[in-house]
Amino acid sequence: VQAHFRNFLSIENGASIIRAAVIRNVSSKRELEGELEQTKRQVALLFGDTPFGIALADKDGIISEVNPALIKMLGRKKSDIVGASIFKTLGETDCLELQDKMTKVLQGSAAGARCEVKVDLSGSSPSPERIFAIFIRPMKSLASDSALETEYISGLIFHFFDTTEWKNLELQFEQAQKMQAMGQLAGGIAHDFNNILTGILGFCDFLLARHNVGDP
């Protein structure tokens, strides 16, 4: 219960002062504030404990917030990432494709987009070049338009997945398939050539059987 006290001067009683209070039930407001705080804590836990990288950026691609997983993936300090452009953070490689996907999401022509970028992380091990699959989603907010509430895109959400090992496995699998195909081709050629050699050796045996030893 919240009370607002006011002093009223009574005309009938002359200088007598009557104290009055306006009482309002704010329990529902307190409950909503509690639910809001709980939701904020849950979102903070989800944002911080996810195993993949998350970055929040405005329409220009300026990063406003990142989670610990992305900081670990990039191997950089948070202060070096927040406030910088997504393009500068990832380098110049494949940024044209990323910019095109971002434009489509911002214009609303696509509900989301996916692209792969190669990032040169100098000093990291075992390889400084990492491959990230980035999923781009719009960040929507509510705007008051007359009596109606409408949604508008206020920024972008980037989800980062390190697919370097997966890509390496794909390359190894493709190489193994190529080697298997080469082995089958070589085996087929050897088998066909062996059939020809068998015929040649057989006819040579027939010729040797028709002539005595020492026959010129």
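The face of helix α5 turned away from its buried side carries the exposed residues Leu96 and Gln107; exposed denotes over 50% relative accessible area, buried under 20%, and partly exposed the range in between (1.4 Å probe, protein chains only). Helices (H or I, at least four residues) and strands (E, at least two) are DSSP runs numbered from the N terminus. The model is predicted, so that local features require pLDDT of at least 70 and side-chain atom pairs count only at pLDDT 80 or more, whereas totals for chains, interfaces and linings use all residues. Residues are numbered from 1 along each chain as its sequence is written, and side-chain values use heavy atoms, with hydrogens and water left out.

The buried residues of α5 are Cys95, Leu98, Lys101, Met102 and Val105. Viewed down the axis of α5, these buried residues fall within an arc of 125°, and they therefore line one face of the helix; the arc is that of the directions from the helix axis to the C-beta atoms. Just after α5, glycine 108 adopts a positive phi of about 85°. The C-alpha atom of glycine 108 is separated by 9.7 Å from that of tyrosine 152, 44 residues apart along the chain. Tyrosine 152 is found in strand β7 and is partly exposed, at 40% relative accessibility.

The largest nonpolar core has 24 residues, and those with the most contacts inside it are Phe132, Ile134, Phe158 and Phe160. Such a core is a set of buried Ala, Val, Leu, Ile, Met, Phe, Trp, Tyr and Cys residues joined through side-chain atoms within 4.5 Å. The elements giving two or more residues to this core are β3 (53-57), β4 (63-66), α2 (68-74), α4 (86-90), α5, β5 (113-120), β6 and β7. Strand β5 gives the most, with four residues. With residues up to four places away in sequence not counted, phenylalanine 158 touches Gly53, Ile54, Ala55, Ala57, Ile86, Leu98, Met102, Ile134, Phe135 and Ile136, contact being defined by heavy atoms within 4.5 Å.

Four aromatic pairs are present in the structure. Rings of Phe, Tyr and Trp (its six-membered ring) pair if their centres lie within 6.5 Å; planes under 30 degrees apart count as stacked, over 60 as edge-to-face and the rest as tilted. The rings of phenylalanine 132 and phenylalanine 160 are edge-to-face, because their planes stand at 85°, with the centres 6.2 Å apart. Phenylalanine 132 lies in strand β6 (residues 129-145) and phenylalanine 160 in strand β7 (residues 148-162), so the pair ties together parts that are 28 residues apart in sequence. Phenylalanine 132 is buried, at 0% relative accessible area, as is phenylalanine 160, at 1%.

The rings of phenylalanine 203 and phenylalanine 206 also form an edge-to-face pair, with centres 6.2 Å apart and planes at 80°. These two residues are three residues apart in helix α6 (residues 164-209) and are thus separated by about one helical turn. Phenylalanine 203 is exposed, with a relative accessible area of 61%, and phenylalanine 206 is exposed at 57%.
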